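Keep the structure open while you read.

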Amino acid sequence: MIASFVGLVVIPMVIAGLARWAAARRRRGLAAGRAVHFRCRLDGHKGRLLVDPRLDGPVFLDRSGNVTALPRGGEALDATVSTNGRPPFEKVNLRYRTPEGQVLRLRLATHDARTLGAWLGEQTRPVSAPARRLLLPAAPPWAALALAASLFVGLATADVALLGKHTAAEVVRVDRDDDSCTVGWDGGAQRAAVDCDTTDVRSGDRIRITALPWPFLGEAVNTRTALSVVAVLGGGLGLLGLGGALMVNPLACARRVRLARRARPAIPPRAAAGGEAGEDRWPALDDDLSYASLAAAARHGDRHRPGPRVTPPRRGFGRTSISPRIWVLTTALGTNAWYSLGFSSAAILEDHFHLGHWRFLVFGTVGIASLARIGWVATDRSALCGPVLRAARSDAGKGTWQSMRYVRLCRDPGEMALVLFRPEGGEVTAPLFLQPISRSRGSERRTVGGPAPVGEALVLNTGVGPVICEIDGVRYLPRGRATEAATDPTRTRDELRSFAESHLRPVGRS
């Protein structure tokens with residue numbers, strides 16, 4: 001039963017977590033200007049999408065050596081999800097229309113599709129300052145994992161060396177079949193099996209051991225043997241990670257760049273005269289989630305939905321919805337892992353479950369996992385703070401802000417989202433973005449601060465996921481990354497329905 005649980009639950013979760021982590025690293029490398037090479041398919045051909053400063057723009061290099069240019073500034077038309085049996089291996093078919101009107105079909109991982117769909121749709125900015133020193137390409141996940149494993153071995157060794165008890169133990173019994181010895185220390189009160197050289201060690205001899213600290217109390221290791229194992233294991237993993245990050249991956253990326261420069265440019269397929277013309281708009285949403293139905297639901301919910309009313313934010317004209325310092329703090333540290341960390345800390349300090357010393361192992365593991373989750377969230381979200389705050393303080397008259405229609409939905413008190421639409425569309429227009437916004441205090445007592453249910457907004461894409469919306473002079477700071485309908489239709493539909501269900505008029509009431 002345990003093996004089935006590990007095979008069906010634990011391993012897919014680990015694979016999905018590693019895939020999401022690798023995609024987040026590629027997204028940060030792309031934002032930092034590093035060379036990032038994505039594995040994908042273009043119109044059925046396997047290859048890599050090269051986003052490299054050494055090239056004039058993003059190109060696709062297939063296995064046959066042909067090169068297809070993918071100029072930025074186009075539009076992601078739609079995205080469909082295809083699974084190969086399990087969610088960790090989920091792929092997205094992304095249709096991208098270049099500025100010249102050519103439609104290309106990319107098939108890549110879900111999180112990479114979100115990143116590239118938004119990045120390809122941005123306009124290229126002219127470089128006025130001299131180019132910086134060329135950064136190393138984003139390290140591959142296996143190299144980063146090897147370095148992390150080497151660091152873990154080093155930290156575990158330091159923990160044993162600093163907190164462990166170094167003493168000379170007496171050999172009680174020698175087991176030549178397993179090449180181990182049973183040793184005793186503290187006058188024989190403590191015993192453990194350690195590795196030893198059974199050809200030279202006899203019962204009654206004394207060897208140097210290190211008694212392990214918590215949570216492995218009562219265990220010990222042979223000091224001489226453990227040092228050799230740690231040096232080989234940690235050093236080997238460290239050399240593997242450094243070699244992959246500093247040598248193997250840069251050489252492989254440089255080789256792909258040389259092949260892309262030498263290769264013959266492939267001719268991308270022409271856009272069909274009549275087939276693609278009617279597919280400019282994203283048709284993935286149903287009619288009940290169009291602009292007209294969502295606007296009606298938002299107006300009805302604003303009048304009749306129970307709970308605190310929504311009034312303009314208290315910050316005032318020309319300001320952000322909440323304080324930027326509070327927003328940075330809640331963004332970087334806003335995770336529910338704090339609850340599990342507090343619970344595990346309380347359980348370790350007070351043994352209500354009568355687990356004895358096992359509570360250190362059980363709840364210590366929960367606490368370590370909670371700390372890892374907090375660190376992951378802080379690392380992942382801290383990269384958003386700088387671009388979002390710069391966008392919130394930028395001048396709205398530079399032409400980078402776009403006018404859009406919006407519908408404000410509220411799932412719970414203070415949990416709001418803005419659904420953004422094209423300004424020129426009609427009542428059946430499909431949404432472009434779903435942007436959650438941070439909760440704020442209303443201008444009246446016991447109210448929630450937010451915009452009107454329906455209106456127009458100035459929108460600025462930060463380039464790292466969230467979008468900034470200015471409504472009636474107030475710029476609303478995001479509560480997370482925006483969901484782009486063209487690159488993630490399934491998630492957009494599910495989130496829209498979860499928000500809109502609380503606004504729909506009950507059946508039988510007028």
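**A pocket, a sheet and a covered helix**

The lining of the second largest pocket comprises 21 nonpolar, 8 polar and 2 charged residues. This is a predicted model. The pocket holds about 1100 Å³ of space. Its lining counts 31 residues, and those closest to the centre are Ala156, Thr157, Asp159, Val160 and Phe216. Four elements each supply at least two lining residues: α3 (141–163), β12 (220–222), α4 (223–262) and α8 (358–393). Helix α3 gives the most, with 8 residues.

Now step back to the whole chain. The protein has 510 residues, and 41% of them count as buried. Its secondary structure comes to 9 helices and 22 strands. Take the contacts between residues at least 6 apart in sequence: 64% of them join residues at least 24 apart.

Seven strands form an open sheet with antiparallel pairing, in the order β21-β20-β19-β14-β15-β16-β22. The edges belong to β21 (474–476) and β22 (483–484); each has a single partner strand, so one side of each is left without a neighbour in the sheet.

Work across the sheet from β19. Strand β19 (residues 454–461) pairs with β14 (residues 402–412) in the antiparallel sense, over 6 bridges. Within this pairing, Met404 has Ala457 of β19 as its bridge partner. Strand β14 is also joined to β15, again antiparallel, by 7 bridges. There, Val407 stands opposite Val419 of β15. Strand β15 in turn pairs with β16 (residues 433–437) over 5 bridges, in the antiparallel sense. Here Ala417 stands opposite Pro436 of β16.

Finally, turn to a helix. Helix α2 (residues 110–120) is mostly covered, with 8 of its 11 residues buried. Which ones are buried in α2? They are Thr110, Asp112, Ala113, Thr115, Leu116, Gly117, Trp119 and Leu120. Buried here means under 20% relative accessible area.

Definitions and conventions:
Residues numbered from 1 in each chain as written. Predicted model: local features only at pLDDT ≥ 70, side-chain atom pairs only at ≥ 80, totals over all residues. Heavy atoms only, no water. Buried < 20%, exposed > 50% of the residue type's maximum accessible area, 1.4 Å probe, protein only. Contact = heavy atoms within 4.5 Å. 1 Å grid on protein atoms, 1.4 Å probe; cavity = no way out; pocket = protein on both sides within 12 Å on 5 of 7 lines; lining within 4 Å. Points joined across faces, edges and corners; volume = space filled by probe spheres on them. Nonpolar A, V, L, I, M, F, W, Y, C, P; charged D, E, K, R; others polar. Pairing = 2+ DSSP bridges.
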